[in-house]
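Here is a short briefing on one protein chain. Have the sequence and the coordinates open as you read.

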Amino acid sequence: MTSIKRRHILSLSLSTVASFAYKSLASTHEATSYAVDLAQANPGLTKTGKNASKLRLGFQPPYVTVFAMREQKLLEKAFEGQSTSFEYRRLLSLKPVTEALAAGALDLGLGGTPIPAIAAGLPIRVIALIERSPKTHALLVRPGSPIKSIKDLKDKKIGTPTGRSHLLVVRVLESIGLKDTDVQWVQLENDVGRAALLSGAIDVWATWDPFYASVQVAKEAVAIADGTQYVLNYVALFGRTEYIEQNPDTVLRFLKAYQQAVNWVKQNRQKAVEILVRENKLAPAAAALTLSRRNILLQPPNQEYRTDLANQAKLLARLGLIKQEPDWSQVIDTKFAASIRT
């Protein structure tokens with residue numbers, strides 16, 4: 001198996017591209033018609049014909065749709081005739097994405113909804129759902145480990161990038177009558193989780209694809225639980241509230257390009273696997289397994305998602321990880337994704 005290299009994952013993959021005018025009359029007509037349709041459907045979304053000077057997106061290794069969008073130059077097409085530049089910043093997990101948003105280094109991000117950051121007052125707006133993939137998350141142990149099932153977790157060292165706020169771990173523990181204080185938490189990033197597990201520095205690694213798929217295919221770890229029955233694992237598109245409010249047309253054009261990338265991935269599964277292999281230095285089997293477990297979509301935040309967020313926030317508040325539950329009516333915005341035709 002070809003492993004995910006630390007230096008490859010840690011490096012930020014930046015691509016800044018100047019938009020340019022296409023000569024195709026058909027392409028020009030499509031872009032014009034799209035803008036007109038959006039204005040008619042949601043007059044409040046397209047205040048001016050101007051777009052932001054730049055769009056900086058933070059994403060994580062498994063999001064093949066982002067790679068497809070970049071390779072197909074879908075943003076360049078969606079922003080035809082505009083002077084917007086694009087940056088793709090590849091990050092290991094949700095925490096650095098959230099930190100970059102807070103620092104103003106990113107405009108949009110993809111990942112699990114950053115509830116602790118929102119509860120702490122970070123101005124983030126959720127504008128779309130892009131996945132519902134519970135099987136991509138798992139609790140892993142070494143082959144031959146004395147831990148044979150979740151019933152053996154008491155007093156064990158559990159490594160995860162998010163520490164005690166890892167929803168899957170907490171819900172697994174509570175399902176067998178354990179508290180978060182009944183295990184030892186080790187916070188570590190995904191690039192070192194595999195080595196920590198194999199060396200015995202931790203007993204359990206709570207992670208997700210493609211890290212999960214990589215060690216599973218290599219038979220270096222086995223899952224004692226995945227997200228099924230424990231988490232919905234909605235992946236959201238969110239961004240800085242100020243950026244979204246000031247640049248509605250930019251957000252809409254981005255969503256148009258993203259929807260086209262979703263369609264491309266669904267229609268070109270093998271090519272999408274090849275992208276994952278190339279971009280993440282994965283074994284083909286691990287890339288195929290990763291893609292097979294991801295339910296890729298683009299839709300407005302729905303009631304199931306809202307209910308799940310509320311339940312997660314209540315859990316985090318009970319654990320003392322947030323002081324109060326966010327006002328989701330101020331965080332969730334459905335009008336942008338509702339404007340995008342599938």
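The points below cover the overall fold, the strands and helices, and the charged pairs.

This is a predicted model. The chain has 342 residues, and 56% of them are buried. Its secondary structure comes to 15 helices and 11 strands. The mean pLDDT is 86.

**Confidence and overall make-up**

- In this chain, 85% of the residues reach a pLDDT of 70 or more.
- Residues 1–48 are a stretch where pLDDT stays under 50. The model has 88 contacts beyond four places in sequence for these residues.
- Take the contacts between residues at least 6 apart in sequence: 83% of them join residues at least 24 apart.
- The accessible surface of the chain is about 14,600 Å². Carbon and sulfur atoms account for 51% of that surface.

**Strand 1 and its partners**

- Strand 1 runs parallel to strand 2 (residues 85–90), and 6 bridges join the two. In this pairing, G58 stands opposite R89 of strand 2.
- Strand 1 also runs parallel to strand 3 (residues 108–111), here with 2 bridges. L57 stands opposite L108 of strand 3.
- Strands of a sheet pair through backbone hydrogen bonds, in a parallel or an antiparallel sense.

- What is the strand order in the open sheet of 5 strands? The order is 7-6-8-5-9, and the pairing is mixed.
- Strand 7 (184–187) and strand 9 (222–226) stand at the edges. Each has a single partner strand, so one side of each is left without a neighbour in the sheet.
- On average, neighbouring strands of this sheet are turned by 30° against each other, direction ignored.
- Strand 6 (residues 157–160) pairs with strand 8 (residues 204–208) in the parallel sense, over 2 bridges.

**Helix 3**

- Is helix 3 (residues 64–71) enclosed or open? Of its 8 residues, 7 are buried, so helix 3 is largely enclosed by the rest of the structure.
- The buried residues are V64, T65, V66, F67, A68, M69 and R70.
- K73 follows helix 3 and has a positive phi, near 55°.

**Salt bridges**

- Side chains of opposite charge can pair when their charged atoms come close.
- How many salt bridges does the count come to? The count is 18.
- R125 and E245 meet through their side chains at 2.7 Å, N to O. R125 lies in strand 4 (residues 124–132) and E245 in helix 10 (residues 241–246), so this pair ties together parts that are 120 residues apart in sequence.
- R125 has 12% relative accessibility and counts as buried, because the cut-off for buried is under 20%. E245 is partly exposed, with a relative accessible area of 44%.
- R125 and E245 also belong to a network of salt bridges that includes D333 and K335.
- R132 forms a salt bridge with E304, and their closest N and O atoms are 3.0 Å apart. R132 is in strand 4 and E304 in helix 14 (residues 303–318), so the pair links parts of the chain 172 residues apart.
- R132 is partly exposed, with a relative accessible area of 27%. E304 is partly exposed too, at 36% relative accessibility.
- E325 and K314 form a salt bridge, with 3.5 Å between the closest N and O atoms. E325 sits in the loop between helix 14 and helix 15 (335–338) and K314 in helix 14, so the pair ties together parts that are 11 residues apart in sequence.
- E325 has a relative accessible area of 37% and is partly exposed. K314 is partly exposed, with a relative accessible area of 45%.

Definitions and conventions
Residues numbered from 1 in each chain as written. Predicted model: local features only at pLDDT ≥ 70, side-chain atom pairs only at ≥ 80, totals over all residues. Heavy atoms only, no water. Pairing = 2+ DSSP bridges. Helix = DSSP H or I, 4+ residues; strand = E, 2+ residues; numbered from the N terminus. Buried < 20%, exposed > 50% of the residue type's maximum accessible area, 1.4 Å probe, protein only. Contact = heavy atoms within 4.5 Å. Areas by Shrake-Rupley, 256 points an atom, 1.4 Å probe, with all protein chains shown as cover. pLDDT = per-residue confidence, 0-100. Salt bridge = Lys/Arg side-chain N within 4 Å of Asp/Glu carboxyl O. Axes fitted to C-alpha atoms, helices over the stretch in contact; angles between N-to-C directions.
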